[in-house]
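Have a look at the model first, then read on.

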Amino acid sequence: MAQATLRHDETGDVPVLGPGHTYGTVTDKISSIVLTEPPRPGWIFGFAVSFVLLLMFLFAVLNLLVRGIGIWGVNVPIGWGFDIVNFVWWIGIGHAGTLISAILLLLRQDWRTSINRFAEAMTLFAVSCAGLYPLLHLGRPWLFYWLLPYPNTMALWPQWRSPLIFDVFAVSTYATVSLLFWYVGLIPDLATLRDRAKSRIGKVIYGFLAMGWRGSARHWHRYRTAYLLLAGLATPLVVSVHTIVALDFTVGIIPGWHTTIFPPYFVAGAIYSGFAMVLTLSIPLRSYYGLKDFITDKHLDNMAKVMLVTGLIVTYGYLMEAFMAWYGGNPYEEFMILKDRPTGPYAHTWWLLLLCNCTIVQLFWFRYFRTHPIWLWVISIVINIGMWLERYVIVVTSLHADFLPSSWGMYHGTIWDYMTYYGSIGLFLTLLFLFIRVLPVISITEMRELVHEVHERGHARGGPAVTPGTAHP
Amino acid sequence: MSSESIYQTHTRDALPPSAVPRIYGLMAEFLQPDQVVQAAKAAYAAGYRQMDAFSPMPVEGLAEAIGFRRNRLPLVVLIGGLTGAVTALFLQWFSAVVHYPIIVGGRPFASWPAFIPVTFELTVLFAAFGAVFGLLALNGLPRPHHPVFNSPNFALASRSRFFLCIQANDRHFDLDKTEQFLRALNPREITVVEA
């Protein structure tokens, strides 16, 4: 599975699409995973494992609803534990999907085409997981609507000056816009599935979802406008969401939270972990479903480069945090950042975090590690773990030792914390496995456009032209 | 227009006018995006206006070639975004200043810098609604049934083929002449689309 060198085309560029593809072949290849193939053994196995984890999640949540959040490890002073760690981790993972689908679209990076659908689905499912945690942490989740501004008999309104209320609006807007963006991108592909489905039920369901899309030139024109505008809207949105998540911490005066570097380095960290998750998922996917012509080594290489850049920004964030703790002269902050984290009771998490996030990513300076899928896959998992540890360090160590030693305490996740955490991974993977089976994992429409572009470029260079419409009619 | 005639004969000529399949237009099928753009330009130059082109992906210049000029979607999105901003500001101002003023941390009631994040989020949300629902409304979707789906090869419009349809309600439409005109554009096939 590992390839020693990148495949080059005749002009020396690494292609973003395998050779010989036409409008018809990309359509058939991608839609066949959904329409004609029976479930593969690997899919059934993966789905079964994920589903068991999901059941564990439901069990843990049921127990939580019955017995209350006392079953978790949270206490006074550490009122935010795994729930907020996981919330930030999941929402950060989601951000890479928006980055790939929106920001890289605006930057005209055509290599994004074959991974954007998949990354957007990942965003949606990660945000679903993220959104559950603050709700479960409410203690009485069935009263979640108290967070929203609605006329009520108590005449109460949300506290508009609180980042926690910003967060309600940011996360719900983000989830909604991600869903709309994803669905708009899917409409033409749903029409393709409608026209190609063999079974009656497939025709009806895809036909219903495609809403009668017929590929009219006028419709395409507006469609492109809508898609670009949505990308333009999603770009500042994704930055605002993680900025607001960072404000949840920075507005609090807790040493270790109260710092202005948080918003930018949270955003970088989100993209970092999100790309790591895209790699973790797409490397097995492309190998198992034979999609290496579409998700090429070029994609892996580019994603590794993005991770290297964001990893360096995150490292810079850690350095600045430490520098400001010393330079700022606040004894509590200095104690937290420079003494308690490296040498205190949670020191092992801090050192492990530096190893995962700042050290191992340096391997991506070497092309060898950027182009070997096995190495990439392992490193991407290490970075996922590192980013989880980062949030653990920020949330837990900052709370466990604040201003007065009399209010210090210790926190450890209980079995229920772990079950909820691993269970939410089960929820995420279950949704992904279902997605792979019922919707095209790669945007067929955009792949056709890519075929057209590659064909045009071939003409311009006088290269051997496969006429994309004629072969395999 | 007696109802008897339907039972007496099955030939098309004898059917009453209401039972003869009405024609929606003529559909020409092409293999390449460039061909359909050229064909659309030629049809526009020949005076045809009531036409539409269909393709499996957006084709550069095709909408312009069939005479599509005004795209009002950006305006809808702008209106959506402004609505969101005004809604959010009003909601926060009304609740914090008028309906239930309460002093928090000694801040003024109308502490507008703190109102900006929610205002931004709702601006984006309403603009996105404008983009998606505006797209559907202007495109006339959802519309599961449309005459062009009667064209026999039309399922390929979502796979690999490109179509140009000149509609029967065009002033210059004439079944024979329009077919000759389309034939000259060298399509793969021409079919009559029933309404």
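Between chain A and chain B there are 2 salt bridges. One salt bridge joins Asp52(B) to Arg218(A), with the closest N and O atoms 3.5 Å apart. Keep in mind that this is a predicted model.

**Who touches whom**
- Chain A puts 60 residues in contact with 67 residues of chain B.
- About 5600 Å² gets buried between the two chains, and carbon and sulfur atoms give 67% of that.
- Three arginines, Arg161(A), Arg214(A) and Arg222(A), supply 15% of what chain A buries against chain B, more than any other three residues.
- On the polar side, 25 residue pairs are in polar contact between chain A and chain B, both residues being at pLDDT 80 or more.

**Chain A's side of things**
- Two or more residues each come from α1 (23-35), α5 (163-196), α7 (217-250) and α15 (444-461) of chain A.
- With 17 residues, α7(A) gives the most to the side that touches chain B.
- Sorted by class, that side of chain A has 29 nonpolar, 19 polar and 12 charged residues.

**The sheet in chain B**
- Back to Asp52(B): its bridge partner in β3(B) is Cys165(B).
- β2(B) and β3(B) (residues 162-167) pair in the antiparallel sense over 4 bridges.
- Chain B's open sheet has 4 strands in the order β2-β3-β1-β4, with antiparallel pairing.
- At the edges sit β2 (51-54) and β4 (189-194) of chain B, each pairing on one side only.
- From one strand to the next, the twist averages 20 degrees.
- Helix α6(B) (residues 175-183) lies across β1 (23-30), β3 and β4 of chain B, and runs at about 10 degrees to β1(B).

Key. Residues numbered from 1 in each chain as written. Chains lettered and ligands numbered in written order. Predicted model: local features only at pLDDT ≥ 70, side-chain atom pairs only at ≥ 80, totals over all residues. Heavy atoms only, no water. Pairing = 2+ DSSP bridges. Axes fitted to C-alpha atoms, helices over the stretch in contact; angles between N-to-C directions. Contact = heavy atoms within 4.5 Å. Buried area = accessible area lost by both parts, 1.4 Å probe. Salt bridge = Lys/Arg side-chain N within 4 Å of Asp/Glu carboxyl O. Polar contact = N/O pair within 3.5 Å; in protein donor to acceptor, adjacent residues only side chain to side chain. Nonpolar A, V, L, I, M, F, W, Y, C, P; charged D, E, K, R; others polar.
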